[in-house]
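Please keep the sequence and the structure in view while reading.

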Amino acid sequence: MAVGKDTLKEYCHAIMETGVQVTLIGAVQPTVCTLGTAEELEQECKTNIDAMAKGGGFMLATGCECISPQAFDNAKRMYDIANEYGTYR
């Protein structure tokens, strides 16, 4: 089962309701991904990882689609942040 939510608050609620037997995907705010600075994007990613990755079953992504000229660069940055900060061991 995979659950997609749009906000960090919705994800945390889903975790409490479903436990760790669910895969959570998201919840980086699209506005941060498209309009935010590199520092804001990094903080948003780390906040999501800290809140939802415990116990496994989390994939970092945006809460919705991300369309802008810089979207590809920020998607690449999200990938790098996840590899640097959020790798399961």
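**Asn 74 and the overall picture**

Asn 74 is part of helix 4 (residues 71–85); helices (H or I, at least four residues) and strands (E, at least two) are DSSP runs, numbered from the N terminus. The model is a predicted one, in which local features need pLDDT of at least 70 and side-chain atom pairs count only at pLDDT 80 or more, while totals for chains, interfaces and linings use all residues. Residues are numbered from 1 along each chain as its sequence is written, and side-chain values use heavy atoms, with hydrogens and water left out.

**Surroundings of Asn 74**

- Asn 74 is buried, as its relative accessible area is 11%; buried means under 20% relative accessible area, exposed over 50%, and partly exposed in between (1.4 Å probe, protein chains only).
- Setting aside residues up to four places away in sequence, Asn 74 touches Cys 33, Thr 34 and Leu 41, where contact means heavy atoms within 4.5 Å.

**Architecture and confidence**

- The protein chain contains four helices and three strands, and along the sequence they follow the pattern β-α-β-α-α-β-α.
- Of the 89 residues in the protein chain, 33% count as buried.
- Considering contacts between residues at least 6 apart in sequence, 58% join residues at least 24 apart.
- The mean pLDDT of the protein chain is 79, with 75% of its residues at 70 or more; pLDDT is the predictor's confidence in each residue, from 0 to 100.
- Where pLDDT is low, the predicted coordinates should not be read in detail.

**Packing of helix 3 and helix 4**

- Two packed helices are described by the angle between their axes and the distance between the axes.
- The axes of helix 3 and helix 4 come within 10 Å and cross at roughly 45 degrees; axes are lines fitted to C-alpha atoms, for helices over the stretch in contact, and angles run from 0 to 180 degrees between N-to-C directions.
- That angle makes helix 3 oblique to helix 4, since angles under 35 degrees count as roughly parallel, over 145 as roughly antiparallel, 65 to 115 as roughly perpendicular and the rest as oblique.
- On the side of helix 3, the contact is made by Leu 41, Glu 42, Cys 45, Lys 46, Ile 49 and Asp 50, and on the side of helix 4 by Asn 74, Arg 77, Met 78, Ile 81, Ala 82 and Tyr 85.
- By class, this contact has seven nonpolar, one polar and four charged residues; Ala, Val, Leu, Ile, Met, Phe, Trp, Tyr, Cys and Pro count as nonpolar, Asp, Glu, Lys and Arg as charged, and the others, Gly among them, as polar.

**The segment after helix 4**

- Gly 86 lies in the segment after helix 4 and is partly exposed, at 22% relative accessibility.
- Gly 86 and Lys 46 are 40 residues apart in sequence and 7.7 Å apart in space, C-alpha to C-alpha.
- Beyond its neighbours within four places in sequence, Gly 86 is in contact with Ile 49 and Ile 81.

**Strand 2 and strand 3**

- Thr 23 belongs to strand 2 (residues 23–25) and is partly exposed, with a relative accessible area of 27%.
- Phe 58 belongs to strand 3 (residues 58–59) and counts as buried at 10% relative accessibility.
- From C-alpha to C-alpha, Phe 58 is 5.5 Å from Thr 23 in space and 35 residues from Thr 23 in sequence.
- Phe 58 and Leu 24 are 34 residues apart in sequence, with 4.7 Å between their C-alpha atoms.
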